Amino acid sequence: MDILDSAAELKSAGRKVCVAIGVFDGMHLGHQQVIRQTLADAEQHEALAVGITFDRHPNLVVAPDRVPPLIYSLPQNLRAIAALGVDAVWLIRFDEAFSRQTGEEFIRALARDCGHLHSVCVGSAFTFGYQRSGDVALLRKMGQELHFVVHGLAAVSLDGKVVSSTRIREAIRAGRLDEASQMLGRGYSLAGQVLKGEQLGRKLGFPTANLEIGGLALPPSGVYAAHAHTTTGRYRAVLNIGVRPTIASSVPSLHLEVHLLDFQGDLYGQELEITFVERLRDEQTFASLEVLKLQIARDIERARRLFGEEQCLRPPL
């Protein structure tokens with residue numbers, strides 16, 4: 001999948017273009033429906049299927065006091081879009097200048113720059129442009145003028161409720177990860193860059209990767225069995241989310257630390273994606289680091305038993 005800096009990069013292809021537009025945080029079932037409609041259009045008309053999204057949440061620019069925690073990091077979101085099979089993504093730099101563009105200005109520029117715009121697909125409630133001046137009604141009006149088809153798709157429902165990024169965030173924060181996974185259409189996971197830590201885990205005999213988690217929606221604090229996806233493959237893992245109450249700190253801060261089972265190597269600077277399997281216990285305060293070390297060993301043993309049970313259901317990793 002190509003990552004584009006501008007719609008003008010599509011014109012040189014000389015083909016019709018079908019686009020799906022959205023923030024697409026989490027690429028949940030509703031987002032997937034929008035992308036798949038674009039893919040169907042592109043296949044039928046021998047066109048390019050293109051996703052259009054943003055390099056940051058628009059609220060960071062237009063409403064910085066109302067920025068929601070993200071379900072996915074940007075690389076994770078782009079991988080989820082790519083997995084559906086689009087030809088390219090136009091990743092728009094959402095800055096102050098772009099935020100001043102009206103909905104009509106944006107669509108006219110898109111139709112002009114991509115050459116032959118065949119269809120635009122969005123969710124039925126999607127709004128865009130300065131002061132939310134664009135919506136499906138505007139798209140349909142402009143589609144008649146500029147000769148492109150508009151799909152404004154109704155929201156997907158699950159258990160009688162609309163699937164939305166907001167609902168998924170609420171499920172994650174409440175620890176209802178199975179519910180979040182159902183709405184995502186895949187196992188809930190989060191991703192972040194591995195940072196240099198204090199190497200306390202290594203001193204305890206259980207080296208951990210410390211993930212950058214700023215701005216992400218997070219499950220409740222505690223210890224979890226998980227799968228860690230690295231550049232070299234997938235590994236079973238045990239992770240802790242919390243403030244590490246046993247470790248003395250003048251300013252406690254939230255950490256996500258992952259111990260990969262049976263792994264040797266250097267992960268610093270890499271992006272690590274973690275898929276949650278099962279919550280093992282609450283975060284606890286221990287009397288000493290030695291007691292903490294014993295508990296970590298028990299957590300790992302419990303995770304190994306859990307993964308051993310999984311082997312009965314599917315081939316081992």
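This is a predicted model: local features need pLDDT of at least 70, side-chain atom pairs count only at pLDDT 80 or more; totals for chains, interfaces and linings use all residues.
Let me begin with the charged pairs: a search of the whole structure finds 15 salt bridges. As background, side chains of opposite charge can pair when their charged atoms come close.

I will go through a few of these pairs in turn. In one of them Asp55 pairs with its partner Arg56, and the closest N and O atoms of this salt bridge lie 2.7 Å apart. Asp55 has a relative accessible area of 24%, so that it is classed as partly exposed, and Arg56, with a relative accessibility of 27%, is likewise counted as partly exposed. Another salt bridge joins Glu96 to Arg100, with 3.1 Å between the closest N and O atoms. Here Glu96 is partly exposed, its relative accessible area being 43%, while Arg100 reaches 48% and also counts as partly exposed.

Which parts of the chain does the pair of Arg304 and Asp262 link? The side chains of these two residues meet in a salt bridge, at 3.2 Å from N to O, and the pair links distant parts of the chain, since Arg304 belongs to helix H10, residues 289–311, whereas Asp262 sits in the loop between strand S13 (255–260) and strand S14 (271–281), which puts the two 42 residues apart. Arg304 is partly exposed at 36% relative accessibility, but Asp262, with a relative accessible area of 63%, is exposed, because anything over 50% falls in that class. There is also a network, in which salt bridges that share partners join Arg79, Glu271 and Glu273.

Let me step back to the chain as a whole. The protein chain has 317 residues, of which 47% are buried, and its secondary structure comes to ten helices and 14 strands. Taken along the principal axes, the C-alpha atoms fill a box of roughly 70 × 45 × 40 Å. If we consider contacts between residues at least 6 apart in sequence, 73% of them join residues that are at least 24 apart.

The largest pocket has a volume of about 1300 Å³, and it is lined by 46 residues, with Val23, Ala125, Phe126, Thr127 and Arg132 being the closest to its centre. Which helices each supply at least two residues of this lining? They are helix H1 (29–45), helix H2 (59–62), helix H4 (96–99) and helix H7 (165–173), and H1 gives the largest share, namely four residues.

Met27 has a positive value, with phi near 45°, although Met27 is not a glycine. Met27 is found in the loop between strand S2 (16–21) and H1, and with a relative accessible area of 0% this residue is buried. Asp159 also has a positive phi, of about 55°, and is not a glycine either. Is Asp159 buried or exposed? Asp159 lies in the loop between strand S7 (157–158) and strand S8 (161–162), and its relative accessible area of 65% makes it exposed.

Finally, I would point out two further residues. Gln295 is found in helix H10, the helix that also holds Arg304. At 13% relative accessibility Gln295 counts as buried, because the class takes in values under 20%. If we leave aside the neighbours within four places in sequence, Gln295 is in contact with Arg281 and Phe286. Arg244, in turn, has its place in the loop between strand S12 (233–242) and S13, and Arg244 is buried too, with a relative accessible area of 12%. How far apart in space are Arg244 and His255, C-alpha to C-alpha? The distance is 7.5 Å, for two residues that are eleven residues apart in sequence.

Terms used. Residues are numbered from 1 along each chain as its sequence is written. Side-chain values use heavy atoms; hydrogens and water are left out. A salt bridge is a side-chain nitrogen of Lys or Arg within 4 Å of a carboxyl oxygen of Asp or Glu. Buried means under 20% relative accessible area, exposed over 50%, partly exposed in between (1.4 Å probe, protein chains only). On a 1 Å grid over the protein atoms alone, a cavity is a set of points where a 1.4 Å probe fits but cannot get out, and a pocket is an open set with protein on both sides within 12 Å along at least five of seven lines; lining residues have an atom within 4 Å of a point. Grid points are joined across faces, edges and corners, and a volume is the space filled by probe spheres set on the points. Contact means heavy atoms within 4.5 Å.
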